[in-house]
Amino acid sequence: GCGGNQSGKGDKQASGSGGEGGGGTFIVPVNADTTNCLTPYDAYGADDRLMTYGPCYDPLFIVNKDETRWYLAESLEAVADDGCHYQMKLRDGMTWHDGEPITVDDVIFSIKVLQDGSNATDASNVRYDGNDLTAEKIDDLTVNLTLAQPYSAFETEFGRLQIFPEHVFDGNTHIIDNTEALTKGIGSGPFKLKEINAGESIVYEKYDDYYREPASLDEVVIKVMPDESAQEAALQSGEISMMRITSQTKLEKYQSDDEYTVYNIPEGRLNYMAYNYQSPNMKDINARKAIALALNNEEIVQGAYGSEDLAIPATNFCSPENLYYNDEMKGYQQNIEEAKKLAEETGLTEKTLHYIYNQNRPNMKETAQIVQQQLKEIGVSVEIEGVDSSAFFQHLFASWITGTPVEDTSWDLATNGMDQLNADPASKLTSWTGDNLEIGFYVSPETKELWKKASQALTTEDRDKYYKELQVQMNEDYSMYPMANTNYVIAARKEFTGLNEIMRVPIFEDYTKIHMTN
Amino acid sequence: MDDLLKIEDLKISYYTYAGEVQSVRGVSFSVRKGETLAIVGESGCGKSVTAKSIMGLIQVPPGEIKEGSKILLKGKNLLEQSEKEWESYRGARCAMVFQDALTALNPTMRIGKQIAENITNHQKAGKDEVKKRVLEMLRLVGIADAKGCVKKYPHELSGGMRQRVMIATALAGNPEILIADEPTTALDVTIQAQIMDLLAEIQQKLGMTVILITHDLGVVANSADRVVVMYSGKVVETGTCTEIFEKHKHPYTWALLKAAPDMELGSKQKLVAIEGTPPDLILPPKGCPFAERCGHCMKICLETEAPRYTFSKDHSVFCWLYHPESGYTDITFDEGEIE
Amino acid sequence: MDKNQTIRIDKHSFDKVEKKEARAETRYERSVFRDVLRSLRENKLAIVCCVILAIIIIASLLAPLCPYDPDEQDVLSKLQPPSTKHWFGMDELGRDYFTRALYGGRISLTVGFLSMIMSVVIGTVIGTVSGYMGGKVDAFLMRFTDIFMSVPSFLLMVVINALFPPKVYSMVIILGLFEWCQIARITRAETLSLKERDFVLAAKHLGASNVRIMFRHIVPNMSSSIIVAGSLAVARAILTESTLSFMGLGVQLPKASWGTMLQGAQVYIMDTPWLAVFPGIFIVATVMSFNILGDALRNALEPKMTK
Amino acid sequence: MRNYIIKRFLQLIPVLILVSIFSFLIIHAAPGDPIQNYVKPGMSEEQIQTIREEYGVDGNIVKQYVAWVGHVVRGDLGTSIYKNRPVTELLAEKLPATLILMGAALLISLLVSIPLGLWAGLKKNKMTDNIISFLSYFGISVPQFWLAMILIIIFALTLEILPSGGMRTVNVDTTWDLLRHLVLPAVVLSFSNTAVFTRYIRSSTISQLEEDYVLTARSKGTSRYRILTRHVLKNCLLPIITLVGINLAGLVCGSFVIESVFSWPGIGRLAMDAVNSRDYPLIMGFTMFSCTILILGNFLADILYAVADPRIKQGMGKNNG
Amino acid sequence: MEERKPLLEVRHLKKYFGLGGKKELKAVDDVSFVIYKGETFGIVGESGCGKTTCGRTCIGVYDATGGEVLYDGKDIRKQTKQERKEFTRKVQMIFQDPYSSLDPRLKVHDIIAEGMQIHHLVSSKKEEETMVQRLLRQVGLNPEHAGRYVHEFSGGQRQRIGIARALAVDPEFLLCDEPISALDVSVQAQIINLLVRLQKERGLTSVFIAHDLSMVRHISDRVGVMYLGKIVELADSQELYSHPMHPYTQALLSAIPLPKPGKMASVNRIHLQGEPPSPVSPPKGCRFCTRCIHASKQCHQEEPELMETVPGHFTACHLYKKK
Ligand SMILES: Nc1ncnc2c1ncn2[C@@H]1O[C@H](COP(=O)(O)OP(=O)(O)OP(=O)(O)O)[C@@H](O)[C@H]1O
Ligand SMILES: Nc1ncnc2c1ncn2[C@@H]1O[C@H](COP(=O)(O)OP(=O)(O)OP(=O)(O)O)[C@@H](O)[C@H]1O
Ligand SMILES: [Mg+2]
Ligand SMILES: [Mg+2]
C-alpha cells in the first residue's frame, strides 16, 4: 500500500492508510526554517538541522554507552596503541541517492570541508583540542585516520559524521556559497529528497537502493512550524505525526489519549545553572555555595518539568547516559540556614543578581522563576531576563566563540543545557578547559589538569578514574549547579510505531525503524 | 381661492442634547398657483425647516412634525404620503434650490449626470432624450457652453454657474412648485441680480409657482407677489409685497425695514436698531416672540400669543396692538414712534 | 376676526411695558464640560466602558489586598482550574492567577498610560511646532515624523527591546517612541487649520509671541483631538505591549503583564484554556473600553453634535 | 498631474535615506555580535576578520553604512549572515507567501467592511448599527495572536474544518488547498483592519448622508438605495484609499505574528529569525523592503486618491508639506 | 477739511498667494491709496475681490509681495521689533466672522485682557479687571459677562467682544473687516451704531470693509471700489454714490435691490454679463473688460490707471481718459 492523502480530509494524510508492509508519510515538525540547506556540514548543535538531515544522511557509526552501531562504516580499528592511529572500513556497495558509489573520497572530502575555515562551520567532529584529524585513503573503502594526540572522545565525535558526496561539489571544499549544490540533498540515508518547499517543508521519499533494509515508510516530511501551540494543533488535526512534549500536563494528556503513543527517550542532557566566574558577585566560592545550598533541586525539577518522565534532578556534571557517570554523587543538599549565613557573609543579600536564560528552550523560564523564588528565601534578590538563543550564547560563550577572552559581567547566573549523548564528555570539555577559554562557569586549575589527563588517557579504566574525580572536583569547586537530566519525550500519532528505536534524539538516527500501521 | 399649497398649523421640533428645539411653531399660510411667495425673517426663524417640510425632507429622528400639522397640495395632505409617493412627488411636482450650491452638488459626480438624475427618476427616457433635455435645461438657465458644462465637476464652476446648475436641476423635472431657499445669499450683488432675473424670467416662461426664502428685503421687494414674515418659528405678518413694504403693521416688519440704511437719504443719521437678540427656541416665550425687543411691548404681549388681525384679502398680522382696547387702533410707524 | 375669547383681557393688559435695562442674559449655562458629560451619559455603551475601566483600574490598584503573593509558587498545585479559592485558577508555577492578573493589569495599564503621556507630549509639541512654524522647521520635523511612520515599527521595537533590558520603563519608551508620530500628524493638521483661524490672527496682531499663541490658543483648541488620540494611544499601547510580550519581549519576570501571561498561557492553550482566556478578556475589555470611550469623547466633543 | 507625481515621488527618496540611516543606527546599536553564530571554535583572528569584512560588519558604523549603501544602490542588499544567501534572494523567495496573505487580508477587509460600514451608517443608532459597531470595537481591541489561538481551537481542532497552519498540505498542490490554508491567517490578519475600515466607512457614511448634496438628491426624488449607491458610496470610499495606504504598515507588522502562529512561510518569520540571530544585512534588507512598501503604498494611495477625486486633481501640487 | 494729514499711505501694494508650481493668485495687484487721520475709509467690492487681503496687508498681518505701506510716514516693513510691537498696539482690527475670531477656550475676560497683558498696559490684576469691565460696558455688554465663554454669546454679542478686544489696547487705527456681514439684519444696525459712536468718541481713523454698499455709504467718508484685486474707483462717498463713473461701480450700484417694491425698475439697471474671471488668470488689459458693456479694443489691451477724473474722484477707466 501507499500513503497519500486519498483519505477523507486532505490534510490528514499523515494518518492515512498505510499497508501492512509499511508505507505512509511521517511528518516531523521543526521550529526553525531549515529548508535552505540540505548538506549536513553545519548541523552542529542545531536540533532542527539534525532532524532535517536525519532521513537523508546516515552517520558513519554511533558509539553509545552500551554498544556501537554501524552505518556507513563497517569497522574502526586502532592500528597502533598510542591512541593516535586508526583505520576505518566502509561498507561495500553503498550508493548516493544519485547512484554514485559512496567511497572513502567522500569521507576525506567531508573532513576537509569541515576543517576548511572558510565554510565557517564547527569542526568538532574532525578537530580535537585544536588539532585537525588527518585522513589517508588506502583504497576505495579503507581510510587511515591520524590524530595529533590521543583523544578519548574521538570515536564518539568522528563516528557521527554525516558525510556528503564529493562529486556534487566538484571536489571544491569551499562550499558555503554553493547554494545550488547545498540544496541538492544527495544523501546516503534511507530517504531521498523529493521536493523542497522553501520555508515550508522538505519532502523525502523512500530510497529503494538503500544499503540496508529499505525503510518501511514511503515518505518523511520535515515541516517548518515555529510555534508550539501550532504544532500541537497540527498534531491533533493530523497535519504532523509527532511532536516533542515538554510539560507534564501535555504528557499526561497524551499518555491517557488512545490516539497517541508517548515515547520517552533519554537524551543524555544536563540542564545546569552556571555561575559567571567573571562576575565579582560570583568569584567567592562561598557565594556560589550559598546559592547552591539555597536551592531545592527536587522542587525546581518538580515545578519546571513536573514529571520524572520529563526530567530527573541532576546530581552531577555528567549525565547518567555518559560512560563515566559517577553514580555515587548525591548532588547539593538544601540547607537554608547555612545558605543564609553564607549569603550574608559574602554580601550577596545586598546585591541584585542578574539571571539570564535561553527563552527558546523549553522549561527554562519556569526554572528561572523558581530559582528566583527560592533565592528570595535566603534574602538574595534576583532579576531574570529571558534572552533569545543567539544573544544568550553570546553571553555564555563569548570567549569561546571569538577565541579571545571576553569580559562579560552583565550576568551572574544562567541556566543552560548541554547534551552529552556522545558517550564521552571530552568534546564538551574541550571548550571549557582550553587554555584561555573558560565559559560561563568556574573551572579550577585542578579541573583543567584532570581533564587533560582524562581526555588523553589511553585506557577506559584511566578515563573512568579521571572523569569520576573530575566530577567530584567540580562539585567541590561549586563550579556549576547541575539541575536536571532531561528526557526527550515524543507524542506520536498511534499509527506510527518504532519511535523508541530511533535510538538518538533529537537526531532520529534511524528512520527505518519507524513504521506505520493501521 | 386657487390655493395650490396650503400649510396649516405646521409645528416642527428638533430634539437635541440641549432639549427640544421648537423650530416651527404653528405656521399657516398658503401659496397660489403661479405666484411668487417670499418668506422673510432672520436667521434661525424656521424658514428652511418650513421649506424642507414641504419637500418632505425633515429627518425624522432628530426632527418631528407634530400631530395636527397639515401641508395640503390641492387639498391632499402631503404629510400622509408614503415614502414612495414622496419620491415621485419630489422633483416632479415640487423642486428645491438650496442656498450653497457648492455643498448642494455632489462633488464627485459630473454636472450632466446630476441634472439627468432628476429626469430619469421620474420618467422613462432614452439616453439621447435625457441628454437633449439636460442641454436644454442648461441653456435655459443661461449657460452658454452647455456641452462643456455637462462634463464638469461642481468645483470647476464659479458660484453663479453652480447656482444656475442647481436651478437647471430643479427645473429638469418640470415641477409645479419651485422652492428657492436663499438662492443668492452666497453670491455677489451683480450675480444675485442675474440669478433673480433668471428666476423671474423662467417663472414667467413656465408659469411656475415659486416660494422664495430670503432674509434680504431688497430681493423680496423686487420679485415677490406676496410676503410672509416669520419671526422665531412663527408667522408675524403676511401680505402682498406693497402691503408689507408700505403698509406694514407689525413692529418687527417695521424694524426690519428700518434696520438698513436708506440709500436714498444717504445721511449719517443713526440707524434704527432692534436691541436684544431673538429668543431661544428651546424655551420660547409664551407670549409674542418679539415682545422682548418690541418698543410697543405691552403686558399682554409677554403673556399671551397675539391673535390674527386681518386688514385686507391678503394682509393679516399677529400683534396685540390691533386689539380694539389697546389704544393704538390706527398705527403708522413713523421714525419718531419707536426709539 | 378676534379669536381671543378664551384669553382673559383686563384693564392692565395693554399697559405699555417700559423697556427693561438689558436684562440678565438668557440662560446659557452650558459649558463644554457639561455637554461632554451629558453626551457621555446618553451613550450607554460609554457608561458601561467607564464602569469596566474603573473596575479594572481600581482592582489593579487594590491588588496588594489580595491574600496571595503574585510570585509565590506552589509547584504542587500548578495549573489548577478556577475554583472558589483561586478564582482564575493557578498558573504553570502554581501562582494564583487572579492575583497575577491584577498585578499584570498594573503593568499593562502603567505601560499604556505612561507611553500614552509620552507620545501625547512629544506628538503634540512636534505637531504644533511643525504646523505653526511651517517652512523649514515643518519640513524638517515632518521628515522626521515620516521616518517614524515609515519604518516598520514593530521590527524596530523588537530590536530596541533587545537593546534595552526589558524593564517597564524601557517598554514605555519604546511604545511612546513609535506612537507619537500619529499624534504629531493629527496635531499638525489641526494646527494648520487653527493657525489660519481669525482668533489666532487676532492674537498675533495683538503682538502675542509664538509660544504664547501655540500654547495658549492652539493647543487648548486641539484638546479634544488630543484627548481622543490619547485614549486610542492607551489602547494601542496596551495591545502592542501584549503583542511584544507575546513574542517574548515583555517585562521582566516574575512580573506579569497581560501580554506575558498570554505568552505563558500559549503553550497550555489546548489543555488549560482559561490561562489564555482571562488575560485575553482583560486586554479586550480594557482596550475596547478605551476605544469606545475615545470615540464617545470624539462624538461628545464634536461641536456639531452638542448643539 | 505628472509633475505632481514626479515631485511626490522624488520626495520619497530623502525619507528612504533617512529611514535607512535611522534603522541602521538602531539595529547596529543592539547588543550581540551578528557573526557570533558564524564564528566557530578554533577559528583564527584573521578568519574571523575575513568573515566580518565579507558581511560588512567590520569597522566603524559610518564605514559600514557607506559600504551598505554602496551595495544597495547596485541592487545588492548584502548577504544574510545567518542563512548565508543573498538577502534579495531570500526576500524574493518569501515574498509570494506574504503577498498572498496580505492581499487576501486586504481583500477580506474591504469586502467585509464596505457593506458593513454602509449598512451601519445607514441604520445609525439602530440595533444593526450597534451590533456592527460592537463587533468592530471588538475587532480593534482583540490581540491578533489571541484571536488566532482561539480560531485555531475552534476551526482546526474542534470543528476540524480548516487546517491549523502552514500554507499547503504536503503533497497536495491545488488552489483549493491553498485557499483552505489561507482562510484563518487571512481572517485574523484582516480582523483589525476590517474593524477600522468599518468604523471609518460607517462614520463617513453618516457624515456623507448629512451632506447637503444628499438633500439635493433626495429633493430630486432619488430613492434611498440609489442615493447610497450612486452618491454616497463613492464619496465614502475615497478616504478609504488613504486609510488602506496607512494601514499597510499594520499588515506588514501583523504578518510577523500571524505568520509565526500559523506557520505561514512568509517574510515576517524570516524577519523574526533575522532579528533573533542579529543578521544585520537581513534585518536591514527587511526594514528597507517593508519601508519601501509602506512609502510606496502611501504614495500610491495619494495618487489614486487624487485620480479618483476630481476635487483634488485640480488643486494638485498645492500642498507640498 | 483742508489740513488732512495722511496716516496710512499705500503705494503699489501687491499681494500674491502662491498656489504651488508657478501659479499665483493675485489677490491684490498694485493698489495705491491714502487714508487720512480721523477719516473712515470704505472699501467695497464683490466677494473674493481682495478686500480682506488688502486690509490685512495694509496693517501688516500679511507680508506684502510688493509695494509699500507707510504708517505715519514709516514703512511698516522696516520696523524694529520695538516699533512693531507699538504698531500692533496702535493698529487693531475687527473681524468679519464673530464666531471664528474669538478663542473658544478662553473666557471673555482673557480675550479682552490679552492685548493689555502683552503690551503691559495694566500693572495689576485689579486694574485689568476694572479695565475689562469698563470696556464691556462701553460696548454694551454686562461686566459679569467677563466670566463666560464665547460660545454662550450670540453673534452680535460676540462681535461686541471683538470690538472690546480691539479697543482694549487703545488703538488709533481700526480695520473693520466686514464686521456685520455674518450678523442678522436685526443686529447689524446695533453694531454699526456702536462703531460710529466709538469712532466719534475716540477719534479713530478706520477702514471699513464691506460688500453691503449701503452700509459703507452710511459709515464712510471716502470709499474705494475694488474689482479683482484692483481699486477701480475712489471718491468721497457722497460723490461716489451720486456720480459713479466706473462702469463697474455703476453696475454695482444699480444691482442693489432696494427694499421698495417697484423701485428697481425705475433705476436704469445695468445688466452685467458673464461671471467674474478668476484672480489666478485675470484678463489682459482692464480687469473688468470681460463684463463691461463699454469695453473697447483698448480696454482689452491696455490697463487703465487710477486717475483723478474729477477733483477728489479717482477712476481707473479708459472712458474718462480724455478729461
Ligand atoms: N437638523 C436640525 N437639528 C436641530 N435643530 C435644527 C435642525 N435644523 C434646524 N434646526 C433648528 O431649527 C431652527 C430653524 O432653522 P432654519 O434652518 O429653518 O432657519 P432659517 O430660518 O432657514 O435660518 P437661515 O436664514 O439661517 O437659513 C433653528 O433654530 C435651527 O437651530
Ligand atoms: N491665504 C490665502 N491663500 C490663498 N488664497 C487666498 C488666501 N486668502 C485669500 N485668498 C484668495 O485671494 C482672493 C481675495 O480674497 P479676499 O479674502 O481678500 O477677498 P474678499 O474681497 O475679502 O472676499 P469676501 O468678501 O468674500 O470676504 C480670493 O480669490 C481668495 O480665494
Ligand atoms: Mg435657512
Ligand atoms: Mg473678506
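Visitor: How far does a polar side-chain atom of Thr53(E) lie from an oxygen atom of ligand 2?

Guide: A word on the model first: it is predicted, local features need pLDDT of at least 70, side-chain atom pairs count only at pLDDT 80 or more, and totals for chains, interfaces and linings use all residues, while side-chain values use heavy atoms, leaving out hydrogens and water. Residues are numbered from 1 along each chain as its sequence is written, with chains lettered from A and ligands numbered from 1 in the order in which they are written. From the polar side-chain atom of Thr53(E) to the oxygen atom of ligand 2, the distance is 2.4 Å.

Visitor: Which residues are closest to ligand 2?

Guide: A residue counts as near when one of its heavy atoms lies within 4 Å, and 14 residues surround ligand 2. A backbone N or O atom of Gly48(E) is 2.7 Å from an oxygen atom of the ligand. The closest residues are Gly48(E), Lys51(E), Thr52(E), Thr53(E) and Glu178(E).

Visitor: What distance separates an oxygen atom of ligand 1 from an N or O atom in the side chain of Glu182(B)?

Guide: Among the 14 residues around ligand 1, Glu182(B) is one of those that come nearest, together with Ser23(B), Ser43(B), Gly44(B) and Ser48(B). Polar backbone atoms also approach ligand 1 oxygens, that of Cys45(B) at 3.2 Å and that of Gly46(B) at 3.1 Å. For the side chain of Glu182(B), the distance is 2.8 Å.

Visitor: Which chains have the most contacts between them?

Guide: Contact here means heavy atoms within 4.5 Å. Chain A does not touch chain B, their nearest C-alpha atoms being 47 Å apart, and chain A does not touch chain E either, at 49 Å. Of the 8 pairs of chains that touch, the one with the most contacts is B and E.

Visitor: Are helix 10 and helix 11 of chain D parallel or oblique?

Guide: Helices are DSSP runs (H or I, at least four residues), numbered from the N terminus; the axes of helix 10 (residues 267-276) and helix 11 (residues 280-308) of chain D come within 9 Å and cross at roughly 140°. Angles between N-to-C directions run from 0 to 180 degrees, with axes fitted to C-alpha atoms over the stretch in contact. Under 35 degrees counts as roughly parallel, over 145 as roughly antiparallel, 65 to 115 as roughly perpendicular and the rest as oblique. Therefore helix 10 of chain D is, relative to helix 11 of chain D, oblique.

Definitions and conventions:
Helices (H or I, at least four residues) and strands (E, at least two) are DSSP runs, numbered from the N terminus. A polar contact is a pair of N or O atoms within 3.5 Å; within protein, one must be able to donate a hydrogen and the other to accept it, and residues adjacent in sequence count only if both atoms are side-chain atoms.
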